[in-house]
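Here's a quick tour of a single protein chain.

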Amino acid sequence: MDDEPSAPAESLRFDRVELRRWHMNDLDALDRATTESLDTLLPWMVWAAGHDRQATADFLARTHEDWETGEAFGYAITSGGAVIGSCGLHRRIGAGGLEIGYWIHPRWTGQGLVTMAAAALAGQGFRLPGVDRVEIHHDAANTASGAVPFRLGFTEVERFHVPGGPAAPGEVGIDVVWRMTVDQWHAAQPVSRPTRAAGQA
């Protein structure tokens, strides 16, 4: 069906952010943004401890493969053409579900840009066939991350101790799960819906 694409749009706009699918030619921009963000990534992102240029290249290659298989849809968060972070939709929470992940350069925090990006992703996720819920997970200590689903009207549905305990130095090992169902999303009828960028069908 035309209103149920098999993959989300490769470019999205929502308010002051633009999302676009990652490509291998983003290596320099992503590596620079990640390097400049390490102080804020290291407490929460296990992968940040092993960051280097090769790891960035591997991430971009994996992101391309995941998009082609439909396992995940990764985007650059951009503003004014500059790469300022990363986000994506991931099929890792079971049938019918998509999980949103995100991070942003510290220079761009506090402006609601991650919330805008997550809203764009949720809107696209619910257009995909079979998707009945979108979730955001974060460690209980990461209150900044938790503010995003709260602002978007997600419902906190669960807290549980992560097997093996904390994986990153800032974590307490308690995972918080926020959920938005497709019915809740459509009932909310936000004023501004995420849109495809110019040139997207």
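## Confidence

This is a predicted model, and its protein chain averages a pLDDT of 92. Of the residues, 92% score at least 70.

The stretch to watch is residues 191-201, where the pLDDT is below 50. That stretch still has 26 contacts in the model beyond near neighbours in sequence.

## Overall build

Count up the secondary structure and you get six helices and nine strands in the protein chain. The chain is as compact as a globular protein of its length, because its radius of gyration is 16 Å, close to the 17 Å that the globule rule gives for 201 residues.

## Where α1 meets α3

Now for the helix pair: α1 covers residues 27-36 and α3 covers residues 53-69. Their axes come within 10 Å and cross at roughly 120 degrees. With perpendicular ending at 115 degrees and antiparallel starting over 145, α1 and α3 are therefore oblique to each other. The crossing of α1 and α3 is right-handed.

Which residues in α1 and α3 meet? From α1 come Leu27, Asp28, Leu30 and Asp31, and they meet Arg53, Thr56, Ala57, Phe59 and Leu60 in α3. Sorted by class, this contact has five nonpolar residues, three charged ones and one polar one.

Notes: Residues numbered from 1 in each chain as written. Predicted model: local features only at pLDDT ≥ 70, side-chain atom pairs only at ≥ 80, totals over all residues. Heavy atoms only, no water. Axes fitted to C-alpha atoms, helices over the stretch in contact; angles between N-to-C directions. Helix = DSSP H or I, 4+ residues; strand = E, 2+ residues; numbered from the N terminus. Parallel < 35°, antiparallel > 145°, perpendicular 65-115°, else oblique. Left-handed = near helix turned anticlockwise from the far one by under 90°. Contact = heavy atoms within 4.5 Å. Nonpolar A, V, L, I, M, F, W, Y, C, P; charged D, E, K, R; others polar. pLDDT = per-residue confidence, 0-100. Rg over C-alpha atoms; globule rule 2.2 N^0.38 Å.
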